[in-house]
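Happy to walk through this one with you. Have a look at the model first, and then let's ask where its labels come from.

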Amino acid sequence: MDFLDQALEQARRGLGRTSPNPAVGAVVVKDGAVIARGHHIYSDLRHAETVALAHAGEAARGATLYVTLEPCSHTGRTGPCVDAIIAAGITRVVAAMEDPNPLVSGQGLPPPPKP
């Protein structure tokens with residue numbers, strides 16, 4: 001199972017319990033190994049990314065984050081996940097899709113590398 005598949009499996013854990021937010025899953029990977037997982041926990045107002053980063057702790061520095069939805073870049077009920085990702089020292093984010101929410105869409109991911 002690849003890392004995005006594992007993030008999707010995490011997202012399934014929140015199905016039916018995240019409304020009005022989508023079910024999102026995240027996996028933190030370092031040196032080819034999963035070091036933490038997380039899914040959106042609506043009752044705790046924690047997004048999948050911040051749950052996974054909390055489980056990873058300092059080991060997240062230099063890691064890759066695989067997430068099923070583009071990380072949020074605005075403040076709503078929670079702070080922006082992109083701020084937590086940067087603070088954790090994540091060096092690469094792989095998202096299955098851009099967030100269709102116009103408050104986020106395209107703003108939660110780094111620009112593509114220049115050729």
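Predicted model: local features only at pLDDT ≥ 70, side-chain atom pairs only at ≥ 80, totals over all residues.

Residues are numbered from 1 along each chain as its sequence is written, and side-chain values use heavy atoms, with hydrogens and water left out.

Q: Why is Gln10 called buried?
A: Buried means under 20% relative accessible area, exposed means over 50%, and partly exposed lies in between (1.4 Å probe, protein chains only). Gln10 has a relative accessible area of 6%, so it counts as buried. Setting aside neighbours within four places in sequence, Gln10 is in contact with Gly25, Ala26, Arg37, Gly38 and His39, where contact means heavy atoms within 4.5 Å.

Q: Why is the pair of Phe3 and Tyr66 called tilted?
A: Rings of Phe, Tyr and Trp (its six-membered ring) pair if their centres lie within 6.5 Å; planes under 30 degrees apart are stacked, over 60 edge-to-face, and the rest tilted. The structure holds one aromatic pair. The ring centres of Phe3 and Tyr66 are 5.2 Å apart and their planes are at 45 degrees, so the pair is tilted. Phe3 sits in helix H1 (residues 3–12) and Tyr66 in strand E3, 63 residues apart; helices (H or I, at least four residues) and strands (E, at least two) are DSSP runs, numbered from the N terminus.

Q: What makes Phe3 partly exposed?
A: Its relative accessibility is 23%, so Phe3 counts as partly exposed. Tyr66, at 13%, counts as buried.

Q: What makes strand E1 largely enclosed by the rest of the structure?
A: Five of the six residues of E1 (residues 25–30) are buried, so the strand is largely enclosed.

Q: How do you know that E1 and strand E2 pair?
A: Two strands pair if DSSP finds at least two bridges between them. E1 and E2 (residues 33–39) have six, in the antiparallel sense, with Val27 opposite Arg37. Four bridges also join E1 to E3 (residues 64–67), again antiparallel.

Q: How do you know that the buried residues of helix H3 line one face?
A: In H3 (residues 81–88), Cys81, Val82, Ile85 and Ala88 are buried. Seen down the axis, they fall within an arc of 130 degrees, so they line one face; the arc is that of the directions from the helix axis to the C-beta atoms. On the other side of H3, Ile86 and Ala87 are exposed.
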